[in-house]
Amino acid sequence: MKKTFFKIRESKVFQYTVLLIIIFNAFTIGLNTYELGEISRILIKYLDYLITIFFVIEITIRFIGEPKKSNFLKNGWNIFDTIIVLVSLIPIPNNSSFLLFRLLRVFRVLRVISIIPELKLIIESLIGSLKRVFYVSLLLFIILYIYATIGSIVFSDNIPSRWSDVGVSMITLFQVLTLSSWEQVMLPLQDVHWWAWIYFFSFIIVCAITMLNLLIAILVDVVVNQNDKKEDVANMKLRNNVEKLNEQFSEEINLDKLKRDQ
């Protein structure tokens with residue numbers, strides 16, 4: 001039974017079926033946000049029940065098919081999938097007091113990440129880069145705070161709605177950081193202070209270009225390192241398998257020699 005479930009779990013047909021069901025589930029969740037007729041809503045409701053049952057069967061197959069059961073719970077993606085499925089089993093009335101549980105069901109769509117290895121690699125890279133990203137983000141915040149303080153001191157009398165205090169100034173500069181209509185923030189000040197362009201240009205160069213590109217570089221570096229590690233692990237496993245085969249082959253040759261000598 002364990003071998004049968006292991007073969008089912010590892011088969012491409014099973015994995016692609018799970019992926020298609022997750023995508024179909026995402027479609028039904030989105031469809032449920034529209035104004036539908038009573039029959040359509042009932043149909044989607046029963047489809048949701050069937051999808052939940054399928055996910056329970058899928059998790060059960062994966063658990064039983066695991067050669068060593070303790071390894072199943074050591075895998076973070078297995079725990080993630082199990083929690084999502086267990087939350088789906090909670091009966092949730094259609095009212096606002098159970099809104100949080102209803103929203104948690106939407107996260108079933110995230111299970112597509114645990115199915116596609118490339119998406120898993122991206123998420124694992126993001127988690128692995130959290131420490132370095134935190135320090136770069138902290139530096140970005142410090143620079144943003146300095147510029148916001150300067151902007152509040154210098155520009156608060158000209159446009160108080162955007163520069164009245166440090167908090168409002170940081171919101172304004174965050175808009176500039178995203179390069180979303182930032183010229184509309186600069187041009188009114190440019191009419192009053194001719195040097196305002198220096199303030200905004202330097203901020204964009206330091207924060208929007210340099211710091212954000214540094215964050216991207218960190219993420220790329222982590223992804224490349226993780227790929228190298230996985231290749232090293234795969235090569236090591238291959239080397240160990242080759243060595244085992246060589247040992248078995250050598251033992252067989254020695255046994256043949258002994259039989260001949262006898």
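Because the model is predicted, local features were considered only at pLDDT of at least 70 and side-chain atom pairs only at pLDDT 80 or more, whereas totals for chains, interfaces and linings use all residues. Residues are numbered from 1 along each chain as its sequence is written, and side-chain values rest on heavy atoms, with hydrogens and water left out.

The secondary structure comprises 13 helices and zero strands, where helices (H or I, at least four residues) and strands (E, at least two) are DSSP runs numbered from the N terminus. Of the 262 residues, 27% are buried; here buried means under 20% relative accessible area, exposed means over 50%, and partly exposed lies in between (1.4 Å probe, protein chains only). Among contacts with a separation of 6 or more, 63% join residues 24 or more positions apart, a contact being defined by heavy atoms within 4.5 Å.

The largest nonpolar core holds 28 residues, and those with the most contacts inside it include Trp 163, Leu 173 and Phe 200; such a core is a set of buried Ala, Val, Leu, Ile, Met, Phe, Trp, Tyr and Cys residues joined through side-chain atoms within 4.5 Å. At least two residues of this core come from each of α9 (130-155), α11 (166-177), α12 (183-190) and α13 (196-261), and α13 gives the most, with 11 residues. Leu 189, when its neighbours within four places in sequence are left aside, is in contact with Phe 155, Asn 158, Ile 159, Trp 163, Ala 196 and Phe 200. Apart from this core lies another, of 13 residues, among them Leu 19, Ile 51, Phe 55 and Val 112. Phe 55, which is placed in helix α3, counts as buried because its relative accessibility is 1%. Although Phe 55 and Val 85 are 30 residues apart in sequence, their C-alpha atoms are 6.5 Å apart in space.

By the rule that a side-chain nitrogen of Lys or Arg must lie within 4 Å of a carboxyl oxygen of Asp or Glu, the count comes to four salt bridges. One of them joins the side chains of Glu 66 and Arg 9 (2.7 Å, N to O); Glu 66 lies in the loop between α3 and α4 (69-74) and Arg 9 in helix α1 (residues 2-10), so the pair ties together parts that are 57 residues apart in sequence. Both Glu 66 and Arg 9 are buried. Glu 58, Arg 62 and Asp 81 are linked in a network of salt bridges. Within it, Arg 62 and Glu 58 meet at 2.9 Å, N to O, and because they are four residues apart in helix α3, they are separated by about one helical turn. Arg 62 is buried at 11% relative accessibility, as is Glu 58 at 1%.

Asp 221 forms a salt bridge with Arg 132, with the closest N and O atoms 3.2 Å apart; Asp 221 lies in helix α13 and Arg 132 in helix α9, so this pair ties together parts that are 89 residues apart in sequence. Asp 221 is partly exposed, with a relative accessible area of 32%, and Arg 132 is likewise partly exposed, at 37%.

The protein exposes about 17800 Å², of which carbon and sulfur atoms supply 68%, as computed by the Shrake-Rupley method with a 1.4 Å probe, only the protein chains shown counting as cover for residues. Phe 141, found in helix α9, counts as partly exposed at 44% relative accessibility.
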